[in-house]
Amino acid sequence: METQARAVMRCDAVVVGAGFAGMYALHRLRQRGLSIQVFEAGDDVGGTWYWNRYPGARCDVESVEYQYGFSDEIARGWTWTERYAAQPEIMRYADYVAKRLDLRKNIKFESRVTSAIFDDESRRWTVETDRGDRVFAQFCIMATGCLSASRVPEIAGRETFRGPSYHTGAWPHDGVDFSGKRVAVIGTGSSGVQSIPVIAAQAERLFVFQRTPNFSLPALNAPMDPDFVEASKESFAADRKRVRATNSGAMMAANDEPALGVTLEERQRNFEARWGRGGFAFMTSYNDLFNNIEANRLAADFVRDKIRKIVTNPQIADLLAPTNHPIGTKRLCLDTNYYETYNLPHVTLIDITQTPIERITPGGLSVGGREYAVDSIVFATGFDAMTGALLRIDIRGRDGLSLREKWTGGPRTYLGLGIAGFPNLFTITGPGSPSVLVNVIIAIEQHVDWIADCIDHLRANGFSAIEAQVEAEDRWVEHVNQKADETLYPLANSWYVGANVPGKPRVFMPYVGGFANYDRICAGVAAGGYEGFSLA
Ligand code: NAP
């Protein structure tokens, strides 16, 4: 891996992060003739997949969809082995792309960006890292990821624990052997749901501490059928084009009829068929599951029934069956044998809904006056989503305006791409864009292409800076809120609204208006000469 001397550098654009967004931004902008410097905190590409190496880590978007679509050649040159790729395979894919495109030569690894400061006079960003690098650049592109700022909650006594503790989002690279160990897992979101069955298969004793049960659907992962792989390569370009024209951003066709418009038998048949197919397609069984509470309840009842059929102890089944939020309004999980795991005699579910973990002690965890002795603790406690990675960097725009100050009431962006007061700073899959609600690779490509075209436009027309206008940003934030309010999403205490981080302003962060609609809006803005942006 290339190492570069510490230096003051000049380039056209700094890209922060070498995950899938940063890798593609580097490729696309370099192709357009820009000089680029990428900084990455990890020692290799891969972003969220570089850090999330917990047991069972696996993508919950199907492999044939969770890959770059910008190059048919790259797609044809790669062969996925499983329906849902596991973390190591995704890292191999990232490596394959990095090698094909010779990306690493412009990436400085093990370098965490600490500040990005805009200078009003030179209209340049100064970006600094914890390794002492300083770069002056016209553009600053934040490819920092939506789920990259991991969070360990403040639980009294945490530092007194004698054994090792791990966060799923910062897992040791050489793995962890839980054989013969008593293990506590805190958290039952996607990371918990994926890791719990795998840890249970190793550990002598497993205690799962559950604050909120989550709905989980069966992944039905399986080795890839070679004929299917070949066929999907043939149709890849056409499939991707078709998917980019959908609001769901997913291959499986959404059923465009309301759940309440069909008979009970028909509905049951359809739910059953989609459940049996595996994956998130269950949630597009009907077109009203996200905006009609009654329709949503029918889908939720179906899943709760499934949980009760799988889990043999009815009290445990009740604890696992979510009732405090509509299905899908907290990010759904996909699992392999999650509910079945609670039938194992050495696995215990501890409900901490009413009685939180009181403290962590040197030998375990204490809840409701009872001590659970464990050797290791796994924090599957999630992320400061969407804003955390940006706000951990000291970002200052025009007139020294700090992003932390600007966003004290929650994130405000125009299209999730630009921020008023921060010229020439772009966010990839930023708050206010569909990002986490769709296949994020499709969202990334759409953003990077838009940014590349925007920079071309600036250069071709002799502009040196672009900045979102406050009025356009206000209108966009209002539109994002309004779209969210048309759905059931705001009813849940999810990370979409920042509810998992104490004190975080409650704002529905992603754009729920649909990928294709959003893409059209962005294209319209560009076609209209970057409406809502000021070009200088
Ligand atoms: P998460 O969904 O935010 O789940 C965190 C869990 O920790 C929740 O159950 C939460 O409970 C619990 N928790 C947090 N603080 C706690 C505390 N102080 N005491 C007890 N419990 C606490 O995080 P995640 O599972 O890491 O997943 C985050 C997102 O990453 C997912 O939603 C998904 O978008 C993505 N992801 C994707 C994949 C994949 O592709 N397969 C895998 C993993 C993650 P509450 O619900 O009550 O807050």
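The model is a predicted one, in which local features need pLDDT of at least 70 and side-chain atom pairs count only at pLDDT 80 or more, whereas totals for chains, interfaces and linings use all residues. Residues are numbered from 1 along each chain as its sequence is written, and side-chain values use heavy atoms, with hydrogens and water left out.

The ligand is surrounded by 24 residues, the closest being R58, S191, R211, T212 and K330, where a residue is counted if one of its heavy atoms lies within 4 Å of the ligand. By class, this shell comprises ten nonpolar, nine polar and five charged residues; Ala, Val, Leu, Ile, Met, Phe, Trp, Tyr, Cys and Pro count as nonpolar, Asp, Glu, Lys and Arg as charged, and the others, Gly among them, as polar. Helix α5, which spans residues 190-202, contributes the largest share of the shell, three residues; helices (H or I, at least four residues) and strands (E, at least two) are DSSP runs numbered from the N terminus.

In the side chain of W495, an N or O atom is 2.9 Å from a ligand oxygen, and the corresponding distance for an N or O atom in the side chain of D60 is 3.1 Å. A380 contributes through its backbone, with an N or O atom 3.3 Å from an oxygen atom of the ligand. Of the 900 Å² of accessible area that the ligand has on its own, the protein covers 89%, as computed by the Shrake-Rupley method with a 1.4 Å probe.

Pockets and cavities were located on a 1 Å grid over the protein atoms alone, a cavity being a set of points where a 1.4 Å probe fits but cannot get out, and a pocket an open set with protein on both sides within 12 Å along at least five of seven lines; lining residues have an atom within 4 Å of a point. Grid points are joined across faces, edges and corners, and a volume is the space filled by probe spheres set on the points. The second largest pocket has a volume of about 250 Å³, and of its 19 lining residues the closest to its centre are R58, Q194, P197, V198 and T336. Helix α5 provides the largest share of this lining, six residues, while α5 and β11 (333-335) each supply at least two. The lining of this pocket divides into ten nonpolar, six polar and three charged residues.

Residues lining the largest cavity include P411, R412, W476, F508 and M509, and by class the lining has eight nonpolar, three polar and one charged residues.

Most residues other than glycine have a negative phi. T429, although not a glycine, has a positive phi of about 55 degrees; T429 is placed in the loop between β18 (425-427) and α14 (440-460) and is buried, with a relative accessible area of 6%, buried meaning under 20%. Y530 likewise has a positive phi, near 65 degrees, lies in the loop between α16 (515-527) and β20 (533-535), and is buried at 4% relative accessibility.

Conventions
Polar contact = N/O pair within 3.5 Å; in protein donor to acceptor, adjacent residues only side chain to side chain. Buried < 20%, exposed > 50% of the residue type's maximum accessible area, 1.4 Å probe, protein only.
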